[in-house]
Amino acid sequence: MTILLSILILVHILGAAAIFGGWLANFKTPTVSVWQWYGAIVQVVTGLAMVGILEAADGSPNHMKIGIKSLIAIIILVAAFLGRKKIKNGEEVPTGIAHAVGGMALINIAIAVLWN
């Protein structure tokens, strides 16, 4: 189980890097890249898988932290979806949506690192 958890953590970090890196790369001309959308999906799926493994293993994850991070991850996922939908329709992505994806990812990364 520890190897699986370690792999999930690695993929989870790569998802966060895709979201945050995409935001920084497009900061002057805000948009939601396809990699940010994939990163948001990866973040939600791997996050839920990690919680499931932790619950099955010892049952002692921090439920408050997981709840807050899950809520933020869903906000990121929805904002990324809306941004990608705008792009597919040939419309410009609103600056607020583009910055919400990256900014909320930064907040989620900070919570993951700083909340012990």
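Helices are DSSP runs of H or I with at least four residues, numbered from the N terminus. Isoleucine 7 counts as partly exposed because its relative accessibility is 46%, given that buried means under 20% relative accessible area, exposed means over 50%, and partly exposed lies in between (1.4 Å probe, protein chains only).

## How the model was read

Residues are numbered from 1 along each chain as its sequence is written, and side-chain values use heavy atoms, with hydrogens and water left out. As this is a predicted model, local features need pLDDT of at least 70 and side-chain atom pairs count only at pLDDT 80 or more, while totals for chains, interfaces and linings use all residues.

## Helix 2 and its neighbours

Helix 2, residues 34-57, has 24 residues and reaches 34 Å from its first C-alpha to its last, which is close to the 34 Å expected at 1.5 Å a residue (the expected span is 1.5 Å times one less than the number of residues). The buried residues of helix 2 are Gln36, Gly39, Ala40, Gln43, Val44, Thr46, Gly47, Met50 and Ile53, and they pack against helix 1, helix 3 and helix 4. After helix 2 comes glycine 59, whose phi is positive, near 70°.

Glutamine 36 counts as buried because its relative accessibility is 0%, and, not counting residues up to four places away in sequence, glutamine 36 touches Ala18, Ile19, Gly22, Trp23, Thr31 and Val101, where contact means heavy atoms within 4.5 Å. Isoleucine 41, also placed in helix 2, is partly exposed, with a relative accessible area of 32%.

## The largest nonpolar core

The largest nonpolar core has 13 residues, of which Ile19, Val32, Ile76 and Val101 touch the most other members. Helix 3 and helix 4 (95-114) each supply at least two residues of this core, and helix 4 gives the most, with five residues. Such a core is a set of buried Ala, Val, Leu, Ile, Met, Phe, Trp, Tyr and Cys residues joined through side-chain atoms within 4.5 Å. Valine 101 touches Ile19, Val32, Gln36, Ile76, Ala79 and Ala80, again leaving out residues up to four places away in sequence.

Arginine 84 lies in helix 3, residues 63-88, and counts as buried because its relative accessibility is 18%. Leaving out residues up to four places away in sequence, arginine 84 touches Val32, Ser33, Val34 and Trp37. The C-alpha atoms of arginine 84 and serine 33 are separated by 7.3 Å, although the two residues are 51 residues apart along the chain.

A search of the whole structure finds one salt bridge, which requires a side-chain nitrogen of Lys or Arg within 4 Å of a carboxyl oxygen of Asp or Glu. Glutamate 91 forms a salt bridge with lysine 86, and their closest N and O atoms are 3.2 Å apart. Glutamate 91 counts as partly exposed at 40% relative accessibility, and lysine 86 is partly exposed with a relative accessible area of 28%.
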